[in-house]
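Morning, everyone. Please have a look at the structure on the screen while I talk.

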Amino acid sequence: MAIHTAFAPGWADAGGGAPAGSINRPKPLSELPRLARDTTADDPWPVSVLSQKYHDAVARWPGAWVEGQIVEINTRRAGSAYLTVRDNFEDISVSVMGFRAFAAKARDFRQGDRVVVHGKPDLWVKQTRLSFMADDIRRVGTGDLKEQIEQLRRQLKGEGLFDAENKVRLPEFPQRIGLICAPQARAEGDVITNARLRWPTIEFSVVHAHVQGPQCPPEVVAAIQKLDADPSVDVIIVARGGGSFEDLLGFSDESVVRATAACRTPIVSAIGHEDDWTLIDLAADLRASTPTDAAKRVVPDVMEQEGIIAEARMRIESRIRALVDNETRLIEGYANRPSLTQPLTMLDKPQRFVDEAKVRLDIALRRIADDASLTVEKLQSSLTALSPQSTLDRGYAVVQTAQGAVASDASVIPDGATIKVTLKRGALEATKTATLSQED
């Protein structure tokens with residue numbers, strides 16, 4: 001059933017519903033109670049009338065200067081700025097908005113800045129929501145919380161807690177992830193869902209803890225120490241969704257940062273959104289921009305790994321095939337050589353060498369034999385020429401004593417001695433009768 005919200009002239013110009021019993025036709029403003037004390041259960045004000053009266057009352061309030069610290073600021077849209085300013089001492093905040101000149105000034109401010117803002121209270125009738133419509137903003141100084149965090153950062157950095165050499169490399173293929181998050185938090189579902197989409201066999205050890213407020217630091221420290229002591233946990237993720245500067249303060253607590261730096265298991269911080277930062281990000285071994293990003297960076301992509309394996313197998317098969325083909329060509333080359341197709345051809349060259357050597361040896365031996373024969377003939381001729389027989393052949397004779405000695409002097413043979421005379425043919429014995437002179 002449709003509810004008519006149009007107003008006739010003279011009715012409440014703020015819009016709104018009609019009282020019970022006349023839902024289709026709202027009462028004219030003149031028929032409604034004029035004051036709040038005049039309303040009853042049977043004659044109430046529509047919500048629109050109440051909201052409009054609040055608006056009219058707030059509009060009469062004077063402007064004011066207020067001081068506080070910026071915990072949220074949004075100047076992404078040109079010409080408008082939306083801030084949340086927190087009291088410097090109490091946990092009380094107010095929404096501040098402004099346009100044009102104020103928006104231009106607000107672009108120079110950041111989270112944690114301490115400011116004074118001038119403006120007037122304003123109530124948005126549509127949601128009956130009170131805010132502070134600002135027209136000027138000035139810097140007082142760096143926010144106390146931000147300055148404290150910066151001092152702590154410098155102190156811990158000086159102790160070496162953020163040094164790169166202290167970072168532990170994440171395992172390439174973890175089997176179990178330790179997850180620290182709030183109970184029933186969206187961050188838990190984001191991490192688990194995205195991690196299992198990439199690596200379906202991954203397991204989780206989830207430890208729930210407060211992720212903001214005074215309980216946050218001790219519970220997060222206890223969770224880190226618990227998971228670090230578990231040998232089955234390969235990597236730890238500390239995850240939290242986005243929030244204001246104040247909401248994330250627990251992750252800049254000194255105890256949390258020191259527990260993170262002391263953690264022996266690789267630890268990943270996934271606090272807030274990409275623009276948010278806390279000190280745990282500096283102490284962690286890896287900083288992820290969001291919980292979803294942490295899941296993607298901690299586990300590999302099964303599809304990508306399958307592609308790597310397929311490509312590696314293809315390269316291995318290609319190399320093996322090329323190696324086998326190369327060896328096959330080499331074997332075929334050996335098999336087609338004449339030495340294997342006609343093995344006897346292997347003996348042709350050695351046989352030719354033997355035949356040639358035999359010929360050369362025969363020639364050399366014949367030459368040696370001929371030279372030796374010639375030498376023998378020469379020696380024979382010389383011996384023949386020098387032999388006693390040759391002398392006898394020329395008519396000479398050899399005279400020997402009875403003792404066989406060749407007689408060269410007739411005077412040494414006594415007369416009457418028997419001598420042997422060797423002639424060209426034969427020999428004879430004779431007796432010396434006298435010694436003759438050479439003239440005789």
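This is a predicted model: local features need pLDDT of at least 70, side-chain atom pairs count only at pLDDT 80 or more; totals for chains, interfaces and linings use all residues.

Helix pairs, then. Take helix α4, residues 186–198, and helix α8, residues 291–298. Their axes come within 8 Å. They cross at roughly 30 degrees. How do we class that angle? Angles under 35 degrees count as roughly parallel, so α4 is roughly parallel to α8. The crossing of α4 and α8 is right-handed.

Who touches whom? From α4 we have Ala187, Asp190, Val191, Asn194, Ala195 and Arg198. They meet Pro291, Thr292, Ala295 and Lys296 in α8. By class, this contact of α4 with α8 has 5 nonpolar, 2 polar and 3 charged residues.

On to the next pair. Helix α5 covers residues 216–228, and helix α6 covers residues 254–262. The angle here is about 10 degrees, and the axes lie 9 Å apart. That makes α5 roughly parallel to α6. On the α5 side, the contact uses Pro217, Val220, Val221, Ile224 and Asp228. On the α6 side, find Ser255, Val256, Ala259, Thr260 and Ala262. Which classes turn up in the contact of α5 with α6? There are 7 nonpolar, 2 polar and 1 charged residues. Keep Thr260 in mind; we will meet that residue again in a cavity lining.

The largest pocket has a volume of about 680 Å³. Its lining counts 27 residues. Which of them are the closest to the centre? Glu72, Ile73, Gln111, Asp275 and Asp276. The class count for the largest pocket is 10 nonpolar, 10 polar and 7 charged residues.

The second largest pocket holds about 280 Å³ of space. Let me read its lining in two parts. Val399, Ala407, Ser408, Asp409, Ala410 and Ile413 are among the residues there. Ile419, Lys432, Ala434, Thr435 and Leu436 also line this pocket. By class, the lining of the second largest pocket splits into 7 nonpolar, 2 polar and 2 charged.

Last topic: cavities. How many of 30 Å³ or more does the structure hold? It holds 2. I will show you the second largest cavity, with a volume of about 30 Å³. Its lining is Leu161, Asn166, Lys167, Thr260, Ala261, Ala283 and Asp285. There is Thr260 again, which α6 also brings to the contact with α5. The lining of this second largest cavity has 3 nonpolar, 2 polar and 2 charged residues.

That is the tour. Over to you for questions.

Conventions. Residues are numbered from 1 along each chain as its sequence is written. Side-chain values use heavy atoms; hydrogens and water are left out. On a 1 Å grid over the protein atoms alone, a cavity is a set of points where a 1.4 Å probe fits but cannot get out, and a pocket is an open set with protein on both sides within 12 Å along at least five of seven lines; lining residues have an atom within 4 Å of a point. Grid points are joined across faces, edges and corners, and a volume is the space filled by probe spheres set on the points. Ala, Val, Leu, Ile, Met, Phe, Trp, Tyr, Cys and Pro count as nonpolar, Asp, Glu, Lys and Arg as charged, and the others, Gly among them, as polar. Axes are lines fitted to C-alpha atoms, for helices over the stretch in contact, and angles run from 0 to 180 degrees between N-to-C directions. Helices (H or I, at least four residues) and strands (E, at least two) are DSSP runs, numbered from the N terminus. Angles under 35 degrees count as roughly parallel, over 145 as roughly antiparallel, 65 to 115 as roughly perpendicular and the rest as oblique. A crossing is left-handed if the near helix is turned anticlockwise from the far one by less than a right angle, and right-handed if clockwise. Contact means heavy atoms within 4.5 Å.
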